[in-house]
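Have a look at the sequence and coordinates before reading on.

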Amino acid sequence: MTATTELTGDRSRQGGPLAPLIAVTMGDAAGVGPEVVVGALAEPEVSRLCRALVVGDAARLVEAARILGIQIDIVAVSDVDDCIFEHGRINVLDLGLIPEDLAWGELSPVAGDAAYQYVRVAAELATDRLVQGICTAPLNKEALQLAGHNFPGHTELLAYLTGTPEVSMMLSSENLKVIHVTTHIGLVDAVARIEPGLVERTVRRGHEALRLAGIPRPRIGVCAINPHAGENGLFGQGEEADKIVPAIDLLRASGLDVSGPLPADTAFFLAGRGDYDLLVAMYHDQGHGPVKLLGIEDGVNITVGLPVIRTSVDHGTAFDIAGTGTVKVGSMIEAMRQAAALASTAADAEVERVSHVDDK
């Protein structure tokens, strides 16, 4: 039976459209990646939302299921057409890269290289349109570097693999969405890199992502760099006026609902009470801190600007609890849910675009 004929979930059994096919990368095999993948895919909700193909190592997932105490069939497949999508079964494109004696919770270049290969294969599946999205379990940046893959994380790696010159990281939770102008660089370097063009492009990527998510006119707040947005020159060297204001002026002139630059502490308070659909953070910790404070369990990382859909958990490899069966899987479930929702919306938009072309 092939992936194109097998149906998943209530909607499919009723003759409706197939649920989106999502490639799920296993992440660093020494971390909690295998556990969150198995735990999430064991949930009936996830089976209803999407068809999942794990890119990873079947034996490691079997071990993770044993640790979690979950009874589930983990089946190695050679390609998408070998998959059978039904609840209680996990299809794994088995790369066979992890030795049986790989320790849990320890830094390993072997696991780092495997994590890279999982993402590489998933990116190939997505760019070849064999899957409709990618959902990634966490990898370890140091292990990735030890394996000779010099990328700060998934965001930059996927940009490289898809030939995308510039992307943005968006953190999405139930009450707050934040997109970052800069991410995995030092604070001094981040301030130096920020310039009006980068701010403008970041806001436009966030605006388009929210429109894809069903918000037709997003309300966007842009954070300042300095405390109190510079306090009219008292703090900083005029960075807000030089680096942010010109971008906001252009964005407003083009019709976007953009406010700022806002003092970051005030901006997150206003967004928390519902004044903004999206905040634009200037650097990594300015955006990550508030989202994680509001609840890392519900947070999802979305890479915006790629030619493919990619979501991820908003936590790391958690070596301290890896292999213990105590990890929470809520973030992975939410990442799967958002990947499926974005893929479905993108598919609907493509159908509408093609129908318009045909009408002409």
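## Inside the core

Setting aside residues up to four places away in sequence, Met 282 touches Val 181, Thr 182, Ile 194, Val 199, Val 222, Cys 223, Ala 224, Ile 225 and Ile 244, where contact means heavy atoms within 4.5 Å. A word on the source: this is a predicted model, where local features need pLDDT of at least 70 and side-chain atom pairs count only at pLDDT 80 or more, while totals for chains, interfaces and linings use all residues. Residues are numbered from 1 along each chain as its sequence is written, and side-chain values use heavy atoms, with hydrogens and water left out.

Met 282 is also one of the residues with the most contacts inside the largest nonpolar core, alongside Leu 125, Val 203, Met 332 and Met 336; that core has 98 residues. Helix 5 (residues 109-127) supplies its largest share, eleven residues.

On terms: a nonpolar core is a set of buried Ala, Val, Leu, Ile, Met, Phe, Trp, Tyr and Cys residues joined through side-chain atoms within 4.5 Å. Buried means under 20% relative accessible area, exposed over 50%, and partly exposed in between (1.4 Å probe, protein chains only). Helices (H or I, at least four residues) and strands (E, at least two) are DSSP runs numbered from the N terminus.

Val 32 sits in the loop between strand 1 (21-25) and helix 2 (33-41), whereas Cys 135 belongs to strand 5 (residues 133-136). Here are two C-alpha separations:

| Pair | Apart along the chain | C-alpha separation |
|---|---|---|
| Val 32 and Ala 322 | 290 residues | 4.8 Å |
| Cys 135 and Ala 76 | 59 residues | 19 Å |

Is Val 32 buried or exposed? Val 32 counts as buried because its relative accessible area is 0%. Beyond four places in sequence, its contacts include Pro 138, His 315, Ile 321 and Ala 322.

## The whole chain

The protein has 13 helices and twelve strands, and 52% of its 360 residues are buried. Along the principal axes, its C-alpha atoms fill a box of roughly 65 × 55 × 35 Å. Among contacts between residues at least 6 apart in sequence, 74% join residues at least 24 apart.
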